[in-house]
Amino acid sequence: MTINGNFPGETLHVHRGDTLIVHVVNRSPHNITIHWHGVNQPRYPWADGPEYITQCPIQPGGGKFSQKVIFTTEEGTLWWHAHSEWTRATVYGAIIVYPKKGHAYPFPKPHADLPIIFGEWWKQDIFELFDDFRRSGGDPLVSHAITINGQPGDRYNCSGQDMFKLAVDQGKTYLLRLINAAMQDILFFSIAGHQLTVVGTDGTYTKPFKSDYITISPGQTIDVLLRADHPIAASYYMAAKFYSSARAAVNLNTTTALLHYTTNNTTTTPTAAAANFSAVSLSATADTNASVAFTARFRSLADKKHPVDVPQKADTNLYFTLSMNAVPCPAGATCAGPNGARLAASVNNVSLVLPTSMDVLGAYYRGIGGVYGDDFPSNPPVSFDFTNLTIPAVYRTPATGNQVRMLEYNSSVELVFQGTNLLGGVDHPMHLHGTNFYVVGWGFGNFDRAKDANKTYNLVDPPFQNTIAVPRNGWVAVRFKATNPGK
């Protein structure tokens, strides 16, 4: 599935404070919605995109929906993507939010900027793949390739001539807007011989720091400055690969693109033969230390023009366990999950079942009962050693439901995401719609409020994000004010 015939889809260019109207016409044979990832949408959640949560899907065969996208405090790089089943696998594009007109970046203006979108490609119809995945109850088929701006690169037989190429002028600085549109996995990214300076993430600015590599979670965006300060005779590989701390089946291939320099304002034809792949600084697939060491370096800019407003105390404390569970296989069926069961993700041991009669937000707004419950637990229903190497099988089966957790307007909320070792544990990328959060702490093992909150929290300049990866068998603490819908 594509947008206007393009893969990836169009890049949207806006300024901070703009309002955008996007007219979506669904000419496919499948349901579709579009989510504006990281846009807060104050007082207008109806166009946020999650299927059967904030809206019903746009119907196939010509259904239309005009989506109002309201930008307020966001500035930097965000993205848009489909939010119906696995349509996100190919329906996505970048959102570039420039400073307000007349305002400047908090760093020297780059010569140019462009999105670098990481995606995936399967040698199978995405809808057939999703149906097989849902029917079997096992892991979905691993993608056959990672892509950079739609191209897999020359490490794959099909793509050597069409790999993405970036031309730069020696001595100039470029703003690369990195977006991880992969379905499930964290990625490592690097440019041979070049250091990158991180200056933003998730539509906010950060204190600059230099790194030889980037770790980027699914759904996350990272803004980096590239200084074109190398000899022009050679081409330089850009490369990305999956990071996975636990998954047995993962795409071990590396996707590539080429960075090359112009000569006397004339772009030479770049060739991979002139590039040295061994110069790419990519960590091992399961290098957890490299992954978390990079993520731990983020700090908010925290200056007069970009103040930090992290809640110093929380009115509401939430503790959410994140697990991969197993549910019994239906009678007469064959399932591909562990021990012949079906895989099911859960939060606080509740696995979401979406309503199909109408969307949750519409039911709330109109006071219609029976569509959702309002008693989602603030803490795990049963406490145990969540990250123990061996967890009794009795904890593997989740409840099912579609409860919500109500918050008081303007309350200060602390939410601790706790990974569990059920079925071996995995990294959990988590995203909040309509609200950014401050990442005030993280660690491995079970969260201990008395120890961790007092000794490890950063309440001075924590990063302000909308997406965060909870490390395998670890935890992440975030804080935010429940001010959406706002003014």
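Author: Helices (H or I, at least four residues) and strands (E, at least two) are taken as DSSP runs and numbered from the N terminus. The model is predicted, so local features need pLDDT of at least 70 and side-chain atom pairs count only at pLDDT 80 or more, whereas totals for chains, interfaces and linings use all residues. Residues are numbered from 1 along each chain as its sequence is written, and side-chain values use heavy atoms, with hydrogens and water left out.

Reader: What percentage of residues 1-101 is strand?

Author: For "domain: Plastocyanin-like", an unreviewed UniProt entry lists residues 1-101, 114-263 and 376-486; positions follow the numbering used here, feature names are shortened, and annotations may be inferred rather than shown by experiment. In residues 1-101 the end C-alpha atoms lie 35 Å apart.

Reader: How many residues does the largest nonpolar core have?

Author: A nonpolar core is a set of buried Ala, Val, Leu, Ile, Met, Phe, Trp, Tyr and Cys residues joined through side-chain atoms within 4.5 Å, where buried means under 20% relative accessible area, exposed over 50% and partly exposed in between, with a 1.4 Å probe and protein chains only. In the largest core, the residues with the most contacts inside it include F118, L166 and F189. Residues in contact with F189 (heavy atoms within 4.5 Å), not counting those up to four places away in sequence, include L178, Y213, M238 and L282. Apart from this core lies another, of 17 residues, V14 and F71 among them, while the largest core has 41 residues.

Reader: Why is the disulfide of C329 and C335 assigned its handedness, and which hand is it?

Author: A disulfide is a pair of cysteine sulfur atoms within 2.5 Å, and those of C329 and C335 are 2.1 Å apart. C329 is partly exposed because its relative accessibility is 21%, whereas C335, at 11%, is buried. Because the torsion about the S-S bond is about 80°, the disulfide is right-handed.

Reader: How are the rings of F384 and Y395 arranged?

Author: Rings of Phe, Tyr and Trp (its six-membered ring) pair if their centres lie within 6.5 Å, planes under 30 degrees apart being stacked, over 60 edge-to-face and the rest tilted. The whole structure holds 26 aromatic pairs. F384 and Y395 have ring centres 4.0 Å apart and planes at 10°, so this pair is stacked.

Reader: And what kind of aromatic pair do F447 and W475 form?

Author: F447 lies in the loop between β25 (437-444) and α4 (449-455), and W475 in strand β28 (residues 474-481), 28 residues apart. F447 counts as buried at 12% relative accessibility, and W475 is buried too, at 2%. With 4.9 Å centre to centre and 65° between the planes, the pair is edge-to-face.

Reader: Which residue lies over the face of Y44?

Author: A charge sits over a ring if NZ of Lys or CZ of Arg is within 6 Å of the ring centre and within 35 degrees of the ring normal. At 5.1 Å from the ring centre of Y44, the residue over its face is K68.

Reader: Which residues does P485 contact, leaving aside neighbours within four places in sequence?

Author: P485 lies in the segment after β28 and is partly exposed, with a relative accessible area of 35%. Its C-alpha atom is separated by 35 Å from that of G5, 480 residues apart along the chain. The contacts of P485 beyond those sequence neighbours are P42, R43 and Y409.
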